[in-house]
Amino acid sequence: MLDAHNIHKSFGEGAILGGVSLQVRKGELVSIIGPSGCGKSTFLRCLNFLEIPDRGTINAMGVTIARDGGPWRRADEHVAHRLRTHVGMVFQNFNLFPHLSVLDNVLLAPRVVKGETGPTERDEAMALLEKVGLGRVAQRYPVSLSGGQQQRAAIARALAMRPEIMLYDEPTSALDPIVAEEVLGVMRKLDDEGMTQIVVTHDMRFAQVASDTIVYMDGGHIIESGPPETLCVDPADDRTRRFLRTVL
Ligand SMILES: Nc1ncnc2c1ncn2[C@@H]1O[C@H](COP(=O)(O)OP(=O)(O)OP(=O)(O)O)[C@@H](O)[C@H]1O
(Lines give C-alpha, C1' and ligand atoms only; values in the text may rest on other atoms or scores of the structure.)
Protein backbone atom coordinates (compact mmCIF):
# COMPACT_ATOMS: atom_id res chain seq x y z
CA MET A 1 0.00 0.00 0.00
CA LEU A 2 2.72 2.45 1.05
CA ASP A 3 6.42 1.80 0.96
CA ALA A 4 8.89 4.47 2.07
CA HIS A 5 12.49 3.43 1.61
CA ASN A 6 15.61 5.06 3.04
CA ILE A 7 14.16 8.57 3.37
CA HIS A 8 16.71 11.29 4.07
CA LYS A 9 15.85 14.90 4.81
CA SER A 10 17.93 17.87 5.95
CA PHE A 11 17.03 21.46 6.61
CA GLY A 12 20.20 23.40 5.76
CA GLU A 13 23.11 21.74 7.52
CA GLY A 14 20.92 19.80 9.95
CA ALA A 15 20.09 16.19 9.03
CA ILE A 16 16.59 15.48 10.34
CA LEU A 17 15.87 12.07 8.77
CA GLY A 18 18.79 9.69 8.40
CA GLY A 19 17.37 6.94 6.21
CA VAL A 20 13.87 6.06 7.43
CA SER A 21 12.06 3.09 5.89
CA LEU A 22 8.47 2.08 6.57
CA GLN A 23 6.01 -0.27 4.93
CA VAL A 24 2.31 0.08 5.63
CA ARG A 25 -0.26 -2.55 4.67
CA LYS A 26 -3.80 -1.81 3.49
CA GLY A 27 -6.10 -1.25 6.47
CA GLU A 28 -3.23 -0.89 8.92
CA LEU A 29 -3.22 1.79 11.63
CA VAL A 30 0.35 2.89 12.33
CA SER A 31 1.23 5.26 15.17
CA ILE A 32 4.55 7.09 15.03
CA ILE A 33 5.80 8.10 18.46
CA GLY A 34 9.06 9.50 19.80
CA PRO A 35 10.60 12.49 21.57
CA SER A 36 9.89 16.05 20.48
CA GLY A 37 12.04 17.09 17.53
CA CYS A 38 13.04 13.56 16.47
CA GLY A 39 11.59 14.00 12.97
CA LYS A 40 8.12 12.39 13.21
CA SER A 41 6.20 15.21 11.51
CA THR A 42 8.92 15.71 8.92
CA PHE A 43 8.74 12.03 8.00
CA LEU A 44 4.92 12.13 7.81
CA ARG A 45 5.06 15.22 5.60
CA CYS A 46 7.61 13.52 3.35
CA LEU A 47 5.11 10.72 2.72
CA ASN A 48 2.89 13.02 0.64
CA PHE A 49 5.68 15.40 -0.42
CA LEU A 50 4.58 18.36 1.68
CA GLU A 51 8.28 18.15 2.48
CA ILE A 52 10.47 17.00 -0.36
CA PRO A 53 12.81 14.20 0.76
CA ASP A 54 16.43 14.71 -0.30
CA ARG A 55 16.93 11.01 -0.98
CA GLY A 56 14.87 7.85 -0.87
CA THR A 57 11.87 6.32 -2.60
CA ILE A 58 8.18 6.47 -1.86
CA ASN A 59 5.68 4.19 -3.49
CA ALA A 60 2.01 4.65 -2.65
CA MET A 61 -0.88 3.08 -4.52
CA GLY A 62 1.36 2.36 -7.48
CA VAL A 63 2.74 5.91 -7.74
CA THR A 64 6.52 5.95 -7.25
CA ILE A 65 8.83 8.90 -6.68
CA ALA A 66 12.55 8.30 -6.24
CA ARG A 67 14.82 11.08 -5.01
CA ASP A 68 18.57 11.05 -5.44
CA GLY A 69 19.53 14.45 -4.04
CA GLY A 70 18.79 16.24 -7.30
CA PRO A 71 16.52 19.25 -7.80
CA TRP A 72 12.76 18.95 -7.49
CA ARG A 73 11.40 19.36 -11.00
CA ARG A 74 7.99 20.25 -12.36
CA ALA A 75 7.56 16.64 -13.54
CA ASP A 76 8.21 15.43 -9.96
CA GLU A 77 5.57 17.84 -8.65
CA HIS A 78 3.15 16.46 -11.22
CA VAL A 79 3.68 12.89 -9.95
CA ALA A 80 3.51 14.08 -6.32
CA HIS A 81 0.17 15.71 -7.09
CA ARG A 82 -1.08 12.35 -8.42
CA LEU A 83 0.10 10.65 -5.22
CA ARG A 84 -1.59 13.28 -3.03
CA THR A 85 -4.97 12.56 -4.62
CA HIS A 86 -4.82 9.19 -2.81
CA VAL A 87 -3.75 10.66 0.53
CA GLY A 88 -5.80 12.71 3.03
CA MET A 89 -3.99 14.84 5.60
CA VAL A 90 -5.20 16.14 8.96
CA PHE A 91 -3.18 18.72 10.90
CA GLN A 92 -2.88 19.58 14.57
CA ASN A 93 -4.58 22.96 14.12
CA PHE A 94 -7.48 21.78 11.93
CA ASN A 95 -6.77 24.29 9.10
CA LEU A 96 -10.45 24.80 8.29
CA PHE A 97 -11.42 27.81 6.20
CA PRO A 98 -13.05 30.20 8.71
CA HIS A 99 -15.18 32.02 6.13
CA LEU A 100 -16.87 28.80 4.97
CA SER A 101 -19.53 26.78 6.77
CA VAL A 102 -18.61 23.28 7.89
CA LEU A 103 -20.52 21.86 4.91
CA ASP A 104 -18.76 24.19 2.47
CA ASN A 105 -15.40 23.21 3.96
CA VAL A 106 -16.22 19.60 3.13
CA LEU A 107 -17.56 20.53 -0.31
CA LEU A 108 -14.35 22.36 -1.13
CA ALA A 109 -12.49 19.27 -2.32
CA PRO A 110 -15.19 18.10 -4.76
CA ARG A 111 -15.52 21.71 -5.93
CA VAL A 112 -11.83 21.92 -6.73
CA VAL A 113 -11.81 18.53 -8.46
CA LYS A 114 -15.10 18.81 -10.37
CA GLY A 115 -15.45 22.56 -10.76
CA GLU A 116 -18.97 22.63 -9.42
CA THR A 117 -21.12 20.66 -7.02
CA GLY A 118 -24.75 19.60 -7.07
CA PRO A 119 -27.14 17.61 -4.88
CA THR A 120 -25.06 14.42 -5.19
CA GLU A 121 -21.90 16.03 -3.84
CA ARG A 122 -23.94 17.76 -1.16
CA ASP A 123 -25.51 14.47 -0.09
CA GLU A 124 -22.08 12.83 0.01
CA ALA A 125 -20.66 15.68 2.09
CA MET A 126 -23.61 15.45 4.49
CA ALA A 127 -23.08 11.69 4.77
CA LEU A 128 -19.44 12.31 5.73
CA LEU A 129 -20.49 14.88 8.32
CA GLU A 130 -23.02 12.38 9.73
CA LYS A 131 -20.25 9.78 9.88
CA VAL A 132 -18.10 12.05 12.06
CA GLY A 133 -21.12 13.10 14.15
CA LEU A 134 -21.48 16.64 12.79
CA GLY A 135 -24.67 16.42 10.72
CA ARG A 136 -26.46 18.90 12.99
CA VAL A 137 -23.79 21.61 12.75
CA ALA A 138 -23.21 21.45 8.98
CA GLN A 139 -24.35 25.05 8.44
CA ARG A 140 -22.29 26.51 11.26
CA TYR A 141 -18.94 28.23 10.89
CA PRO A 142 -15.77 26.72 12.36
CA VAL A 143 -15.40 29.46 14.97
CA SER A 144 -18.63 28.35 16.66
CA LEU A 145 -17.45 24.72 17.03
CA SER A 146 -15.39 23.08 19.75
CA GLY A 147 -11.84 22.00 18.91
CA GLY A 148 -12.95 18.38 18.70
CA GLN A 149 -15.78 19.27 16.32
CA GLN A 150 -13.38 21.29 14.17
CA GLN A 151 -10.97 18.39 13.99
CA ARG A 152 -13.76 16.00 13.05
CA ALA A 153 -14.82 18.47 10.33
CA ALA A 154 -11.21 18.48 9.11
CA ILE A 155 -11.31 14.67 8.93
CA ALA A 156 -14.58 14.81 6.95
CA ARG A 157 -13.01 17.34 4.60
CA ALA A 158 -10.01 15.08 4.00
CA LEU A 159 -12.33 12.09 3.43
CA ALA A 160 -14.21 14.03 0.75
CA MET A 161 -11.24 13.42 -1.57
CA ARG A 162 -11.93 9.68 -1.16
CA PRO A 163 -8.36 8.99 -0.05
CA GLU A 164 -6.96 5.51 0.37
CA ILE A 165 -4.57 6.60 3.11
CA MET A 166 -5.11 9.15 5.88
CA LEU A 167 -2.16 10.92 7.51
CA TYR A 168 -2.63 12.68 10.86
CA ASP A 169 -0.06 15.05 12.36
CA GLU A 170 -0.76 15.15 16.11
CA PRO A 171 -4.53 15.35 15.57
CA THR A 172 -5.38 15.59 19.27
CA SER A 173 -2.48 17.64 20.65
CA ALA A 174 -4.52 20.86 20.68
CA LEU A 175 -7.49 19.20 22.41
CA ASP A 176 -8.36 18.36 25.97
CA PRO A 177 -8.58 14.60 26.67
CA ILE A 178 -12.39 14.31 26.60
CA VAL A 179 -12.72 16.13 23.29
CA ALA A 180 -9.70 14.25 21.93
CA GLU A 181 -11.58 11.03 22.60
CA GLU A 182 -14.28 12.05 20.06
CA VAL A 183 -11.60 12.46 17.40
CA LEU A 184 -9.92 9.18 18.30
CA GLY A 185 -13.35 7.52 18.11
CA VAL A 186 -13.70 8.66 14.49
CA MET A 187 -10.24 7.29 13.69
CA ARG A 188 -11.16 3.94 15.26
CA LYS A 189 -14.36 3.87 13.20
CA LEU A 190 -12.36 4.48 10.01
CA ASP A 191 -10.00 1.70 11.10
CA ASP A 192 -12.98 -0.66 11.44
CA GLU A 193 -14.00 0.29 7.90
CA GLY A 194 -10.54 -0.67 6.62
CA MET A 195 -8.97 2.75 6.11
CA THR A 196 -5.18 2.81 6.09
CA GLN A 197 -4.02 5.40 8.64
CA ILE A 198 -0.67 6.79 9.81
CA VAL A 199 -0.74 8.93 12.93
CA VAL A 200 2.00 11.00 14.52
CA THR A 201 0.96 11.20 18.14
CA HIS A 202 2.07 11.81 21.70
CA ASP A 203 -0.98 9.89 22.93
CA MET A 204 0.63 6.64 24.07
CA ARG A 205 -2.66 5.24 25.29
CA PHE A 206 -4.26 5.63 21.85
CA ALA A 207 -1.12 4.27 20.20
CA GLN A 208 -1.20 1.21 22.44
CA VAL A 209 -4.92 0.55 22.25
CA ALA A 210 -5.71 1.38 18.61
CA SER A 211 -2.57 0.73 16.56
CA ASP A 212 -1.66 -2.35 14.59
CA THR A 213 1.91 -1.10 14.57
CA ILE A 214 3.78 1.40 16.71
CA VAL A 215 6.87 3.01 15.20
CA TYR A 216 9.26 4.50 17.71
CA MET A 217 11.54 7.19 16.25
CA ASP A 218 14.46 9.00 17.78
CA GLY A 219 17.19 11.16 16.25
CA GLY A 220 15.81 10.87 12.73
CA HIS A 221 15.76 7.06 12.76
CA ILE A 222 13.25 4.31 13.50
CA ILE A 223 14.55 2.70 16.68
CA GLU A 224 11.86 0.08 16.94
CA SER A 225 8.64 -0.89 15.21
CA GLY A 226 6.05 -3.60 15.72
CA PRO A 227 2.67 -4.48 17.27
CA PRO A 228 2.04 -2.60 20.55
CA GLU A 229 2.44 -5.71 22.67
CA THR A 230 5.91 -6.41 21.31
CA LEU A 231 7.27 -2.86 21.63
CA CYS A 232 10.27 -3.27 23.86
CA VAL A 233 10.94 -0.34 26.11
CA ASP A 234 14.39 -0.59 27.60
CA PRO A 235 14.26 1.25 30.94
CA ALA A 236 18.05 1.36 31.00
CA ASP A 237 18.08 3.49 27.88
CA ASP A 238 18.30 7.21 28.70
CA ARG A 239 16.52 8.38 25.56
CA THR A 240 13.62 6.00 26.17
CA ARG A 241 13.30 7.15 29.77
CA ARG A 242 13.34 10.79 28.65
CA PHE A 243 10.65 10.09 26.05
CA LEU A 244 8.43 8.17 28.43
CA ARG A 245 8.59 11.00 30.93
CA THR A 246 7.11 13.32 28.27
CA VAL A 247 4.11 11.10 27.51
CA LEU A 248 3.17 9.18 30.64
N1 LIG B 1 10.71 23.65 7.63
C2 LIG B 1 11.69 23.49 8.51
N3 LIG B 1 12.82 24.22 8.46
C4 LIG B 1 13.83 24.06 9.33
N5 LIG B 1 13.80 23.15 10.34
C6 LIG B 1 12.70 22.39 10.45
C7 LIG B 1 11.60 22.50 9.57
N8 LIG B 1 10.64 21.61 9.92
C9 LIG B 1 11.13 20.96 11.00
N10 LIG B 1 12.36 21.42 11.31
C11 LIG B 1 13.21 20.94 12.39
O12 LIG B 1 13.34 19.54 12.24
C13 LIG B 1 13.37 18.90 13.51
C14 LIG B 1 12.33 17.82 13.55
O15 LIG B 1 11.04 18.44 13.52
P16 LIG B 1 9.71 17.58 13.50
O17 LIG B 1 8.57 18.55 13.55
O18 LIG B 1 9.74 16.62 12.37
O19 LIG B 1 9.84 16.78 14.87
P20 LIG B 1 8.73 16.00 15.69
O21 LIG B 1 9.35 14.72 16.12
O22 LIG B 1 7.47 15.91 14.90
O23 LIG B 1 8.55 16.95 16.94
P24 LIG B 1 7.25 17.29 17.85
O25 LIG B 1 6.85 16.02 18.52
O26 LIG B 1 7.73 18.32 18.81
O27 LIG B 1 6.21 17.83 16.90
C28 LIG B 1 13.17 20.00 14.55
O29 LIG B 1 14.42 20.38 15.06
C30 LIG B 1 12.56 21.13 13.75
O31 LIG B 1 12.91 22.39 14.30
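Modeller: Let's start with contacts along the chain, bearing in mind that this is a predicted model. Take the contacts between residues at least 6 apart in sequence: 64% of them join residues at least 24 apart. As for burial, 39% of the 248 residues count as buried. Overall, the chain has eight helices and ten strands. Its radius of gyration is 18 Å, close to the 18 Å from the globule rule for 248 residues, so the chain is as compact as a globular protein of that length. If you'd like a box to picture, the C-alpha atoms fill one of roughly 55 × 45 × 30 Å along the principal axes.

The open sheet has four strands in the order 2-1-4-5, and the pairing is antiparallel. At the edges sit strand 2 (14–24) and strand 5 (63–68), each of which pairs on one side only. On average, and ignoring direction, neighbouring strands here are turned by 15 degrees against each other.

Zoom in on strand 1 (residues 2–11) and strand 4 (residues 55–60): they pair in the antiparallel sense over five bridges.

Helix 1 (residues 40–47) lies across strand 1, strand 2 and strand 4, and runs at about 125 degrees to strand 1. Helix 2 (residues 74–84) also packs on the sheet, where it touches strand 4 and strand 5. The direction of helix 2 makes about 140 degrees with that of strand 5.

So where does this leave us in the whole chain? The domain assignment gives domain 1 as 2–86 + 163–247, and domain 2 as 96–162. The C-alpha centres of domain 1 and domain 2 lie 25 Å apart. Where the two meet, eleven residues of domain 1 are in contact with eleven residues of domain 2. On the domain 1 side of that meeting place, helix 6 (residues 177–192) gives the most, with five residues. That side of domain 1 is made up of nine nonpolar residues, one polar and one charged.

Note on methods: Residues numbered from 1 in each chain as written. Predicted model: local features only at pLDDT ≥ 70, side-chain atom pairs only at ≥ 80, totals over all residues. Helix = DSSP H or I, 4+ residues; strand = E, 2+ residues; numbered from the N terminus. Rg over C-alpha atoms; globule rule 2.2 N^0.38 Å. Buried ≥ 20, exposed ≤ 12 C-beta atoms within 10 Å, placed from the backbone. Contact = placed C-beta atoms within 7 Å. Domains from an automatic or database assignment. Nonpolar A, V, L, I, M, F, W, Y, C, P; charged D, E, K, R; others polar. Pairing = 2+ DSSP bridges. Axes fitted to C-alpha atoms, helices over the stretch in contact; angles between N-to-C directions.
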